[in-house]
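This briefing reviews selected geometric features of one protein model. Please consult the sequence and the coordinates alongside the points that follow.

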Amino acid sequence: MNNSKLRPSEADEREQVEIELLLEAMFRLYGYDFRNYAYASIRRRIWHRVHAERLPTVSSLTDRMIHDRSCMERLLSDLTIHVTEMFRDPEVFRSFRQNVVPLLKTYPFIRIWHAGCSTGEEVYSMAILLHEEGLLEKTRIYATDMSATVLDVARQGVFPIERMQQYTRNYQDGGGKESFSDYYSARYESVIFQSFLKKNIVFAQHNLVTDGSFNEFHVILCRNVMIYFNKDLQNHVHGLLYDSLSMFGVLMLGTKESINFTRHADKFDDLDLVNRIYRKIK
């Protein structure tokens, strides 16, 4: 039977089965688990890859992905969202300086986890902020992502020069204290950030969906990651973040995310509700 002759409900159901089988195959063969991502979002990205591969159906994409790892890598790139910039949402970094830095200055050593760090812009932003606050030398920053490809970009600390104008504005609006251009050197069409910024950064693969806690942290940033998860997966990741935070540790979420309506909502105080900065209290 041709899909075009199915009633809409039947076509939708068949398509959903195809998508579920694709995601199950991807998890079982390659270990990447997208089964609890928000359906509408994951569906759009799968169909983008179907069309890009010039295939007729999701099932045909599943077949190609199973037998061709390069196809899986292309699909993985479509499914993982890497929307980031330095000092993104500058008011968050301004609030961090005001509300979190004074707490961190009381610690002899600081551990920070950037969960879902993408290509590293947020990580370098934090390193610059900590340097300006006199905290970088006593801080270890763990920057993780499920994608080895984006981690390679993050490790290099090389970014397109045309982004620097926007990043400079963000830095200034986020409370920057120096000249932003002092932190990088321009090379042709790119800039490379100063090596001292990544001296205390550890880049590593970690999958929030399938991997567990690996340390105890004073600050965890997991910004604009869970908006792509369904409710069950959000609760799972909130549990992981809670278990990974030290008592009175700070959790920073994206501006469209919240600790509200999770199992751990009553275990946090608001440091800055508008900017989604919370402190673990029990």
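How much area is buried between domain 1 and domain 2, and what percentage of it do carbon and sulfur atoms give? The area buried between the two domains is about 860 Å², and carbon and sulfur atoms give 58% of it. The model under discussion is predicted.

**Domains and their interface**

- The domain assignment of the protein places residues 10-79 in domain 1 and residues 90-280 in domain 2.
- Taken over C-alpha atoms, the centres of domain 1 and domain 2 are separated by 30 Å.
- On the domain 1 side, 11 residues are in contact with nine residues of domain 2.
- The size of an interface is often given as the accessible area lost when the parts come together.

**Helix α6**

- Helix α6 covers residues 121-132, and its 12 residues should span 16 Å at 1.5 Å a residue. The end C-alpha atoms of α6 are 17 Å apart, which agrees with that expectation.
- Of the 12 residues of α6, 11 are buried, so the helix is largely enclosed by the rest of the structure.
- The buried residues of α6 include Glu-121, Tyr-124, Met-126, Ile-128, Leu-130 and Glu-132.

**Met-226, a buried loop residue**

- Met-226 is located in the loop between β7 (217-222) and α9 (231-244).
- The relative accessible area of Met-226 is 3%, so this residue is buried, the cut-off being under 20%.
- Leaving aside residues up to four places away in sequence, Met-226 touches Gln-234, Val-237, His-238, Leu-241, Leu-253 and Glu-257.
- Met-226 and Val-237 are 11 residues apart along the chain, and their C-alpha atoms are separated by 8.0 Å.

**Salt bridges**

- Side chains of opposite charge can pair when their charged atoms come close.
- The count of salt bridges in the model comes to 18.
- Glu-53 forms a salt bridge with Arg-74, with the closest N and O atoms 2.7 Å apart. Because Glu-53 lies in the loop between α2 (39-52) and α3 (58-67) and Arg-74 in helix α4, the pair ties together parts that are 21 residues apart in sequence.
- Glu-53 counts as buried at 9% relative accessibility, whereas Arg-74 is partly exposed with a relative accessible area of 31%.
- Glu-133 forms a salt bridge with Arg-97, with the closest N and O atoms 3.0 Å apart. This pair links distant parts of the chain, with Glu-133 in the loop between α6 and β2 (139-145) and Arg-97 in helix α5, 36 residues apart.
- Glu-133 is buried with a relative accessible area of 12%, and Arg-97 also counts as buried, at 10% relative accessibility.
- Glu-121 forms a salt bridge with Arg-163, with the closest N and O atoms 3.3 Å apart. Glu-121 lies in helix α6 and Arg-163 in the loop between β3 (158-160) and α8 (164-173), so the pair ties together parts that are 42 residues apart in sequence.
- Glu-121 counts as buried at 1% relative accessibility, whereas Arg-163 is partly exposed with a relative accessible area of 35%.
- Through salt bridges that share partners, Arg-49, Glu-53, Arg-64, Arg-74 and Asp-78 are joined into one network.

- Most residues other than glycine have a negative phi.
- Asp-89, although not a glycine, has a positive phi of about 55°. Asp-89 is found in the loop between α4 (69-79) and α5 (90-104).
- Phe-261, likewise a residue other than glycine, has a positive phi near 65°. Phe-261 lies in the loop between β8 (245-253) and β9 (268-272).
- The relative accessible area of Phe-261 is 76%, so this residue is exposed, the cut-off being over 50%.

Notes
Residues are numbered from 1 along each chain as its sequence is written. This is a predicted model: local features need pLDDT of at least 70, side-chain atom pairs count only at pLDDT 80 or more; totals for chains, interfaces and linings use all residues. Side-chain values use heavy atoms; hydrogens and water are left out. Helices (H or I, at least four residues) and strands (E, at least two) are DSSP runs, numbered from the N terminus. Buried means under 20% relative accessible area, exposed over 50%, partly exposed in between (1.4 Å probe, protein chains only). The expected span of a helix is 1.5 Å times one less than its number of residues. Domain bounds come from an automatic or database domain assignment. Contact means heavy atoms within 4.5 Å. Buried area is the accessible area (1.4 Å probe) that two parts lose on being put together, summed over both. A salt bridge is a side-chain nitrogen of Lys or Arg within 4 Å of a carboxyl oxygen of Asp or Glu.
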